[in-house]
Amino acid sequence: ELVDPRRVVMFSVGRPRLPLLWKIARPRCPKLPKPSNNRGGNVLIHDYLDFWCQRAPDQILISDESGSMSRFEFAARTRQIANLMADLVEPGARVAVIGKNSFDFLAIYFAASRSGVVPVPVNYRLAPTEWRFILEDAGTEVVIADVEFAAALDTVRDDLGTVTHFF
């Protein structure tokens, strides 16, 4: 890294004047986000999203071939999903997610943090009978699946006693 000579402080130590690389102007690291009020003093993943959304809401957060989302748009999406989760289940409930990586898949994880539910990732490459075991064993109350896995999920839907909502 090159040093700007205008920002170097000269310091005499009894010898010829030597540049002391002290107080070089450098970007300050922002303070870390504050913990959520109702989470026992822990900083959760959605706190980081809110923290950076306040500082640069229009900056692109994620992008792929289907499009991109700014921090503000992504935070708004997570709030919508979190409100839906809060209306359906109590904090601490298990919410299963079956799907490939996508904006919504990531938003569900941030929303789970915001609403206090526990996300249960389920590998979409498994057989539906294996999904059934995972969903029952985890005690999931909500299952969120991509459209392409809806038909496979319907084959075990009647066998899931703990699941009350499917999306």
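Is Arg-77 buried, exposed or partly exposed? Here are a few notes on the salt bridges of this predicted model, starting with that residue.

1. Arg-77 is partly exposed, its relative accessible area being 29%. That value falls between the cut-offs, since buried means under 20% and exposed means over 50%.

2. The partner of Arg-77 in a salt bridge is Asp-104, with 3.1 Å between the closest N and O atoms. Arg-77 belongs to helix α2 and Asp-104 to helix α3, so this pair ties together parts that lie 27 residues apart in sequence. Asp-104 is also partly exposed, at 36% relative accessibility.

3. Next, have a look at Asp-50, which forms a salt bridge with Arg-114; here the closest N and O atoms are 3.0 Å apart. Asp-50 sits in helix α1 and Arg-114 in helix α3 (residues 103–115), so parts 64 residues apart in sequence are tied together by the pair. Asp-50 and Arg-114 are both buried.

4. Asp-50 also has a salt bridge with Arg-79, and the closest N and O atoms of that pair are 3.3 Å apart. The link is again between distant parts of the chain: Arg-79 is in helix α2 (residues 71–88) and Asp-50 in helix α1 (residues 45–55), 29 residues apart. Asp-50 counts as buried because its relative accessibility is 18%, while Arg-79, at 35%, is partly exposed.

Note on methods
Residues are numbered from 1 along each chain as its sequence is written. This is a predicted model: local features need pLDDT of at least 70, side-chain atom pairs count only at pLDDT 80 or more; totals for chains, interfaces and linings use all residues. Side-chain values use heavy atoms; hydrogens and water are left out. A salt bridge is a side-chain nitrogen of Lys or Arg within 4 Å of a carboxyl oxygen of Asp or Glu. Helices (H or I, at least four residues) and strands (E, at least two) are DSSP runs, numbered from the N terminus. Buried means under 20% relative accessible area, exposed over 50%, partly exposed in between (1.4 Å probe, protein chains only).
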